Amino acid sequence: MKIENPVVWFEIYVNDLKRAKSFYEKVFKTDLSEIGDPSDDSIKMLAFPGDMESKGKTTGALVYAKDMQAGGNSTLVYFGSNDCSVEEARVSEAGGELIRPKMSIGEFGFISLAKDTEGNMFGIHSMA
């Protein structure tokens, strides 16, 4: 029986969309694109690149919602990497805070933990 990744989307709530966009684009060397309803100012979204049609390849977005505050939530998103120390090295320069430098999680590889410019904690995972 093939087990598929049930995670298909994530959202990272932010207070300053421009600042958060700059942070994630710098740390992960990627481009985020605007999605959503441009006529509704109460919610703005910037999507990470991805293919919603491919099972097991999760994507998501930075979200500004008028009544939703960033930080202090209990969701932890892990971003994939070839070597998490590479992205980890860009966190402070991009305005974030390194919480836990690269550490081994045994046979499951390595992780780093950091906070973005909005106070959201996230992880970086690699096998090397």
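Predicted model: local features only at pLDDT ≥ 70, side-chain atom pairs only at ≥ 80, totals over all residues.
In which helix does Tyr24 lie?

**First stop: Tyr24**

Tyr24 lies in helix α1, and with a relative accessible area of 0% this residue is buried, since the cut-off for that word is under 20%. If you display the neighbours of Tyr24, leaving aside residues up to four places away in sequence, you will find that it touches Ile12, Lys29, Thr30, Phe48, Leu62, Phe79, Asp116 and Phe122. Pick out Leu62 among these and draw a distance between the two C-alpha atoms: Tyr24 and Leu62 are 38 residues apart along the chain, and their C-alpha atoms are separated by 9.2 Å.

**Second stop: the nonpolar cores**

Next, select Ile12, Tyr24, Phe48, Leu62, Phe79 and Phe122 together, which are the residues with the most contacts inside the largest nonpolar core, a set of 21 residues. The elements that each give two or more residues to this core are β1 (9–13), α1, β5 (77–80), α2 and β8, and α1 gives the most, with six residues. Apart from this core lies another one, of five residues, and Met45, Ala47, Ala61 and Ala65 are among them.

Now centre the view on Phe48, which, when residues up to four places away in sequence are not counted, touches Phe10, Ile12, Tyr24, Leu32, Thr59, Gly60, Ala61, Leu62 and Phe79.

Move on to helix α2, which spans residues 84–91, and colour Cys84, Glu87, Glu88, Arg90 and Val91, which are buried. Turn the view until you look down the axis of α2: the buried residues fall within an arc of 160°, and therefore they line one face of the helix. To see what covers these buried residues of α2, show the elements that include α1 (17–28), β6 (97–104), β7 (110–115) and β8 (121–126).

**Last stop: Ser112**

Finally, select Ser112, whose place is in strand β7. Is Ser112 buried or exposed? Ser112 counts as buried, because its relative accessibility is 1%. Around Ser112, again without residues up to four places away in sequence, the contacts are with Cys84, Glu88, Arg100, Pro101, Lys102, Phe122, Gly123 and Ile124; of these, Cys84 and Glu88 are also among the buried residues of α2. Zoom in on Lys102 to end the tour, where a polar atom of the Ser112 side chain lies 3.5 Å from the backbone nitrogen of Lys102.

Conventions. Residues numbered from 1 in each chain as written. Heavy atoms only, no water. Buried < 20%, exposed > 50% of the residue type's maximum accessible area, 1.4 Å probe, protein only. Helix = DSSP H or I, 4+ residues; strand = E, 2+ residues; numbered from the N terminus. Arc of directions from axis to C-beta. Contact = heavy atoms within 4.5 Å. Polar contact = N/O pair within 3.5 Å; in protein donor to acceptor, adjacent residues only side chain to side chain. Core = buried A, V, L, I, M, F, W, Y, C linked by side-chain atoms within 4.5 Å.
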